[in-house]
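I opened my notebook to this structure today and jotted down what I looked up. Come along and follow the entries with the picture beside you.

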Amino acid sequence: MNSIVEKIIESGIVAVIRVDSPARAIEVCRACKEGGIVAIEVTFSVPRAVEVISQLSKELGDEILLGAGTVLDPYTAKIAIEAGARYIVAPNLSEETALLCNKHRIPYIPGALTPTEIVKALEVGCELIKLFPASAVGPSYIKAIHGPLPQAKLMPTGGVELENVKEWIKAGAAAVGVGGGLTKGSKEEITDRARRFVELIKQARSEIAGR
């Protein structure tokens, strides 16, 4: 398994940064890092996302796992990789983007929901798959998918909150992606929320191990 994917799974959470200004994106990224979240995804819906990725790569590149999100095509993936993104996340599955990422040995984490989409993601070499939108199905869906597809490592994104993150982990999520449930409010509130997410994921994994 790719070492970046291993580290994302080990950390258990990817902070999804989807805000309305470059300055706010950098502030939120720093707050998440201070709260103990190491995997941070800057989405291409952030204005001047490439500049944000480049700045964060230079400033925090050795301290965080920096990825690019909302990457819909190989052209955008290449720009993100050149700016310093170490993994690529999408709401959809693009085989062309998968090929580009494979060529650069960069993990591609596509969005998938149905068994057909999940199998296709496995076929093109995706080691971690974003279950999106997770709010449409709920934690029990992971258990259902793992019946026929136990090898699929799923990262539910969309609707993951402090109140349900343990449920997702206990249902079999390899990690979770969290956006609005983490990144709203002041820097201090985000840092505190990040710490709580990290702690709840540790608790859930500890409870699974103790069964």
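This is a predicted model: local features need pLDDT of at least 70, side-chain atom pairs count only at pLDDT 80 or more; totals for chains, interfaces and linings use all residues.

Entry: Arg 193 sits in helix α10, which covers residues 187-209.

What does lie 2.7 Å from a polar atom of the Arg 193 side chain? I found the backbone oxygen of Lys 184 there. I also listed the contacts of Arg 193, leaving aside neighbours within four places in sequence: Leu 162, Gly 181, Leu 182, Thr 183 and Lys 184.

**Entry: salt bridges.** How many salt bridges does a search of the whole structure find? I noted 10, and I looked up some of them.

My next stop was helix α2, residues 22-34, where Arg 24 and Glu 27 are 3 residues apart, or about one helical turn. Their side chains meet in a salt bridge at 2.8 Å, N to O. Glu 27 counts as partly exposed, at 31% relative accessibility.

I then turned to Arg 30 and Glu 59, whose side chains also meet in a salt bridge, 2.8 Å from N to O. This pair links distant parts of the chain, 29 residues apart: Arg 30 is in helix α2, and Glu 59 is in helix α3 (residues 49-60). Arg 30 is partly exposed, with a relative accessible area of 33%, and Glu 59 is partly exposed at 34%.

In helix α6 I found Lys 120 and Glu 123, 3 residues apart, about one turn of the helix. Their salt bridge is 3.4 Å, N to O. Lys 120 is partly exposed at 32%, whereas Glu 123 is exposed at 57%. I also wrote down a network, in which salt bridges with shared partners join Lys 166, Lys 170 and Glu 207.

**Entry: the sheet.** Which order do the strands take in the open sheet of 3 strands? I read it as β6-β7-β8, with parallel pairing. The edge strands, each pairing on one side only, are β6 (111-112) and β8 (154-156).

I followed strand β7, residues 129-131, and found 3 bridges joining it to β8. One detail I liked was Lys 130, whose bridge partner in β8 is Met 155. Helix α6 (residues 115-123) came up again here: it lies across β6, β7 and β8, running at about 165 degrees to β7.

Definitions and conventions. Residues are numbered from 1 along each chain as its sequence is written. Side-chain values use heavy atoms; hydrogens and water are left out. Two strands pair if DSSP finds at least two bridges between them. Helices (H or I, at least four residues) and strands (E, at least two) are DSSP runs, numbered from the N terminus. Contact means heavy atoms within 4.5 Å. Axes are lines fitted to C-alpha atoms, for helices over the stretch in contact, and angles run from 0 to 180 degrees between N-to-C directions. A polar contact is a pair of N or O atoms within 3.5 Å; within protein, one must be able to donate a hydrogen and the other to accept it, and residues adjacent in sequence count only if both atoms are side-chain atoms. A salt bridge is a side-chain nitrogen of Lys or Arg within 4 Å of a carboxyl oxygen of Asp or Glu. Buried means under 20% relative accessible area, exposed over 50%, partly exposed in between (1.4 Å probe, protein chains only).
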